[in-house]
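Take a first look at the chain below.

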Amino acid sequence: MKRSAVFMVTALVLILLTACRENSFLQPAPMATHKLDASEQTDGATWQEVDPAKPIYADLNGDGIQEEIRLSLDDNECVAGINFIIGGTASSVKIDNPLYGVSCHIADTLEDDKSVEFYITGDMASDDYVTYIYRVKDGKLECADIYGIATMENIGSGTVSVNEIIDVLGTYSAVCKYELQDEFAFVRSTPYTIERNKDGWSDRKIVVKKDGLPAKITDEDMELKDITLPIGTQLALTETDCNSYALLQREDGVAVLIEISKEDGGWGWSIGGIAEEEWFEELMYAG
């Protein structure tokens, strides 16, 4: 999206400041033919949590035959691999950064594609979460990944909600949407909305320490207007695209837009060509 289009959309933001259905693909587990406990399954859910400690059975490709999924653990009890049995053929996936604190779901990501997917979410280290999504297509196992905790609200729509940790004017917990694209890839389709009043460090103010901070607000004609913010102004981050802008709320409730930029491969943001730490008092970044 061009910069002008981004700001047109953002201007509108400044101005305006599920259910379960029957799922034929998720079936009760058959009696195990080898020495494994059958997983606990129930019919009728399209975003169903399943027990990662037991074998998981689900028809991933819609052929009427259930695939088997089992997790393998390392010496630290972290998930280091996933074993699939698809059409009687075993297939193993190695997880390079073993996951702990995992949760698993069977989900109908797209309503009309005649398949369901296997979602596994876990912590790689230091609250760095990842979600891996697996499906079977044309007899082959495919994988997509999303860095964050993925959940599904609009079942069958091809979109998932993702909680991520972002670094813009500090470290924050944020939520956005990802959309399933061709070639089984999930692409972010919305800006990040900051989760307020979460974990203490998300609902905090940042304070301007230097006069003249360039920003934009909407004027009486609902047009974006250039302003500068004085020293001592208190702001709270509410939205960002982690690329070109940060939307903040001033202490008087007015929404303020600040253009941000970053050099390719660099760390830290600039505003008007000046590093963020020169504009604000201590910015709380994790790590």
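Is K177 buried, partly exposed or exposed? With a relative accessible area of 25%, K177 is partly exposed. This is a predicted model.

**Salt bridges**

K177 forms a salt bridge with E153. The closest N and O atoms of K177 and E153 are 2.9 Å apart. K177 sits in strand β11, while E153 sits in the loop between β9 (149-151) and β10 (159-167), so the pair ties together parts 24 residues apart in sequence. E153 counts as partly exposed, at 40% relative accessibility.

The count of salt bridges comes to 6. The table gives three of them.

| Pair | Closest N and O atoms |
|---|---|
| K177 and E153 | 2.9 Å |
| K216 and D226 | 2.7 Å |
| D252 and R250 | 2.8 Å |

K216 forms its salt bridge with D226. This pair links distant parts of the chain: K216 belongs to strand β15 (residues 213-218) and D226 to strand β16 (residues 224-229), 10 residues apart. K216 is buried, with a relative accessible area of 17%. D226 counts as exposed, at 58% relative accessibility.

D252 pairs with R250. D252 is partly exposed, with a relative accessible area of 48%. R250 is partly exposed, with a relative accessible area of 21%. Elsewhere, salt bridges that share partners join K216, D226 and E259 into one network.

**A buried charge**

What about a charged residue with no salt bridge? E117 is buried yet has none. The nearest side chain of opposite charge is R135, 5.5 Å away. A salt bridge needs the nitrogen and the carboxyl oxygen within 4 Å. E117 lies in strand β6 (residues 117-123). The side chain of E117 does make a polar contact with the side chain of T109, at 2.5 Å. Another polar contact, of 3.4 Å, joins the side chains of E117 and S115.

**Nonpolar cores**

The largest nonpolar core has 42 residues. V160, F186, L213, L235, I258 and F280 touch the most other members. Strand β11 (residues 171-181) gives the largest share of this core, 5 residues. A second, separate core has 21 residues, among them L71, F84, I86 and Y134. F280 touches residues including L169, I206, L213, L235 and I258.

**The whole chain**

The chain has 287 residues, and 42% of them count as buried. Its secondary structure comes to 2 helices and 21 strands. The accessible surface of the chain is about 15100 Å², with 48% belonging to carbon and sulfur atoms.

Methods:
Residues are numbered from 1 along each chain as its sequence is written. This is a predicted model: local features need pLDDT of at least 70, side-chain atom pairs count only at pLDDT 80 or more; totals for chains, interfaces and linings use all residues. Side-chain values use heavy atoms; hydrogens and water are left out. A nonpolar core is a set of buried Ala, Val, Leu, Ile, Met, Phe, Trp, Tyr and Cys residues joined through side-chain atoms within 4.5 Å. Buried means under 20% relative accessible area, exposed over 50%, partly exposed in between (1.4 Å probe, protein chains only). Helices (H or I, at least four residues) and strands (E, at least two) are DSSP runs, numbered from the N terminus. Contact means heavy atoms within 4.5 Å. Lys and Arg count as positive and Asp and Glu as negative; His and the chain ends are not counted. A polar contact is a pair of N or O atoms within 3.5 Å; within protein, one must be able to donate a hydrogen and the other to accept it, and residues adjacent in sequence count only if both atoms are side-chain atoms. Accessible areas come from the Shrake-Rupley method with a 1.4 Å probe; for residues, only the protein chains shown count as cover. Lists of a residue's contacts leave out its neighbours within four places in sequence.
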